[in-house]
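Work through the exercises below with the structure open. Each task is followed by a stepwise solution.

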Amino acid sequence: MENVPYLDLRAQYLPLRNEVLNALEQVCESTSFAQGPVTSQFEGEFAKYCGVDHCVSLNSGTSALHLALRCLDVGPGDEVVTVSMTFIATAWAISYVGATPVFVDIDPVRRTLNPDNLEAAITPRTKAIIPVHLYGMPAEMDRIMAIAERHGLPVIEDAAQAHGAKYQNKPVGKFGQIACFSFYPGKNLGAYGEGGALTTSDASIAHRARSLRDHAQSQKYLHDEIGYNYRMDSFQAAVLGVKLKHLDEWNKARNDCAKLYTEFLKDSSYKLPARDSDSEGVWHCYVIEVPERDRVRSALQDVGIQSAVHYPVPIHLQKAYAHLGYRAGDLPVTEALCEHCLSLPIYPELSKEKISRVASVLLDLESR
Ligand SMILES: Cc1ncc(COP(=O)(O)O)c(C=O)c1O
């Protein structure tokens, strides 16, 4: 029986090989390795793709979140409302600026920030809200934006898992003041190394982010504030420029994979991911909920099927955040999802046969 990897980056690389190697060679020939013309070119293309005025390319999605908060002058003593059901970097960025993350529970269907819980988490110290478009599913942005506007709060969209996703026919990233993307290799749009971007239609935010990523230099060797080396290297921009042209077709292929899983598993007792009719998600992950997750996961592994867990421990219960004083039971929907979530293999080149195999093993395991 053929093994099923969780992700197959080689399958994506092979048809692009010549184009990618050519783009990399051009960077070598130009010797413009750090933030050269190819990074500016990619910035223009990605901004256009996202329907925003500015894209600031960076060395990671974590840096994008960090700079987003710096650009909004969030700092010590401030609070930022977000979710605990996300990759840890969402919270790291809040801690990097000396602010405190305040975690609210998610909606059990969308698995994103539940607007019903948002208002109660806002205090006079709140300075920003970070919804996360988890697994490629857009958060409920109309209700989140309405609450944010009522309180005069900026919104940073964590779109690290949602390149190309749409909410009410509008691309994610167009709702908040700032959006943050990751180009980590396994993302829907992934670099061949680390990468990220901050997008915005606010020229002053873009200007400040460009400065901060490059040591906050107003002129060479003159620094007006504390800055960082968060620049994107030209090799990553060259690869991303090649890959961006394929993003929509890859997202469509992921959607086809998701539909097949849903079709094959629809009569099972596993809780399947639902997609709201207001959104076009991009299936970064296909996450089912399984009562005995670890047993099922290791049984899949035994027959050569890889899976993943996004994420086993919610952020509010991580040791790194013990000082915040959260307890088990504080965010029940988040905690239940962490306990039961199982991400099935998904990537654009995944064949129907492999999906069918994963589904039939899952159906077989269910009856045992
Ligand atoms: C939701 C979310 N936010 C932020 C990040 C951080 O991005 P990076 O790994 O590029 O720093 C990730 C990446 O895994 C993510 O999934």
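The side chain of S279 makes a polar contact with the side chain of R110, at 3.0 Å. A polar contact is a pair of N or O atoms within 3.5 Å; within protein, one must be able to donate a hydrogen and the other to accept it, and residues adjacent in sequence count only if both atoms are side-chain atoms. This is a predicted model, in which local features need pLDDT of at least 70, side-chain atom pairs count only at pLDDT 80 or more, and totals for chains, interfaces and linings use all residues. Residues are numbered from 1 along each chain as its sequence is written, and side-chain values use heavy atoms, with hydrogens and water left out.

**Exercise 1. Describe the interface between domain 1 and domain 2.**

Step 1. Domain 1 covers 9-244 and domain 2 covers 247-366. These bounds come from an automatic or database domain assignment.

Step 2. The domain centres, taken over C-alpha atoms, are 24 Å apart. Domain 1 brings 44 residues to the contact and domain 2 brings 40.

Step 3. About 3,600 Å² is buried between the domains, with 57% of that area from carbon and sulfur atoms. Buried area is the accessible area (1.4 Å probe) that two parts lose on being put together, summed over both. R111, Y135 and N188 supply 21% of what domain 1 buries against domain 2, more than any other three residues.

Step 4. Count the polar links. There are 25 residue pairs in polar contact across the interface, both residues at pLDDT 80 or more. On the domain 1 side, strand 3 gives the most, with 5 residues.

**Exercise 2. Which salt bridges does E289 form?**

Step 1. Apply the rule: a side-chain nitrogen of Lys or Arg within 4 Å of a carboxyl oxygen of Asp or Glu.

Step 2. E289 meets R111 at 2.9 Å, N to O. The partners are 178 residues apart: E289 in strand 13 (residues 286-289), R111 in the loop between strand 3 and helix 5. Both are buried.

Step 3. E289 also bridges to K271, with the closest N and O atoms 3.5 Å apart. K271 sits in the loop between helix 9 and strand 12. Its relative accessible area is 37%, so K271 is partly exposed.

**Exercise 3. Is helix 8 enclosed or exposed?**

Step 1. Helix 8 has 11 residues, and 10 of them are buried, so the helix is largely enclosed by the rest of the structure.

Step 2. Find the packing partners. The buried residues of helix 8 pack against helix 1, helix 2 and helix 9.

Step 3. Check the start of helix 8. A side-chain oxygen of D233 reaches to within 2.9 Å of the backbone nitrogen of F235.

Technical notes
Contact = heavy atoms within 4.5 Å. Helix = DSSP H or I, 4+ residues; strand = E, 2+ residues; numbered from the N terminus. Buried < 20%, exposed > 50% of the residue type's maximum accessible area, 1.4 Å probe, protein only.
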